[in-house]
Amino acid sequence: MDSLVATTNKEAEEACDLVEIRLDLLENPAARPWAHLAGIPMLFTARRGDEGGAGDLTAAQRSGLLEAVLAEAALVDVELVSAGTGEMAGALEATAGQGVPWVASWHDFEGRADSYGKIPAMAEQAAAAGAACFKAAIRLHEMADLERLAGLLQMKHPLPLSLMGMGPLAPVSRLLCAQYGSVLNYGYIGNAPTAPGQWSARLLKEAVGVSVIGCGG
Ligand SMILES: O=C1C[C@@](O)(C(=O)O)C[C@@H](O)[C@@H]1O
């Protein structure tokens with residue numbers, strides 16, 4: 001929150017193509033503490049508690065937060081699990097009604113060995129639910145996990161994937177995934193990462209900018 005308020009429009013614009021506003025992390029979203037970033041495309045997220053969100057918000061609270069910002073959203077983020085249970089159906093209908101695309105997301109903070117194998121089916125499920133993109137963040141444990149993650153980007157999927165690692169191998173994974181075609185590569189603005197191992201957005205953009213993009217395809 002402090003980071004968001006302290007980041008100027010110019011700093012954010014230079015560091016990011018799209019700014020994610022984590023509504024679940026804000027003390028008073030109704031005050032629109034992102035208003036000074038007007039002009040930069042916004043992705044709004046109201047994360048579930050069991051996928052790293054703050055405050056254990058109910059589905060009704062998360063839907064309300066997202067519906068309130070649809071008019072200024074370029075994109076919204078809804079967990080694939082929530083889309084699957086139908087608990088966010090109202091928010092997704094409103095999103096479609098406003099023509100705002102959505103990202104289906106999924107997080108594995110433990111880094112379970114079977115997570116990589118589940119991603120193709122989850123991407124299919126996300127596409128069937130109407131998402132524009134499927135995003136997965138997984139905690140990485142060993143070098144082979146980098147290959148598993150980037151390997152997924154070499155497979156055919158029905159929609160674009162945004163993949164990233166978390167933990168000590170996160171920085172290298174995020175650059176590698178960008179190189180292999182991952183869309184939506186996340187960094188933080190200000191001084192507070194929102195996931196373990198995030199680059200600052202400024203550094204990530206600079207690193208991606210000097211990397212060869214489109215490897216393996
Ligand atoms: O889902 C994601 C990705 C993320 O968890 C990361 O690992 O950088 C950061 C979150 O804010 C975002 O919503």
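A: Leu-153 sits in the loop that links helix H7 (143–152) to strand E6; helices (H or I, at least four residues) and strands (E, at least two) are DSSP runs, numbered from the N terminus. Please keep in mind that this is a predicted model, where local features need pLDDT of at least 70, side-chain atom pairs count only at pLDDT 80 or more, and totals for chains, interfaces and linings use all residues. Residue numbers start from 1 along each chain as its sequence is written.

Leu-153 counts as buried because it has 23 C-beta neighbours inside 10 Å. The cut-offs are 20 or more other C-beta atoms within 10 Å for buried, 12 or fewer for exposed, and partly exposed in between, with C-beta atoms placed from the backbone. Leaving out residues within four places in sequence, Leu-153 is in contact with Leu-161, Leu-163, Cys-177, Tyr-180, Gly-181 and Ser-182; contact means that the C-beta atoms, placed from the backbone, lie within 7 Å. Cys-215 is 62 residues away along the chain, yet its C-alpha atom is 9.8 Å from that of Leu-153.

Beyond four places in sequence, Trp-199 touches Pro-171, Arg-174, Gly-187 and Leu-204.

Finally, the ligand is surrounded by 14 residues, with Thr-45, Ala-137, Tyr-186, Thr-194 and Ala-195 the closest; a residue is near a molecule if its C-beta atom, placed from the backbone, lies within 6 Å of it. Strands E1 (19–22), E5 (133–139) and E6 (161–166) each give two or more residues to this shell.

Notes:
Two residues are in contact if their C-beta atoms, placed from the backbone, lie within 7 Å.
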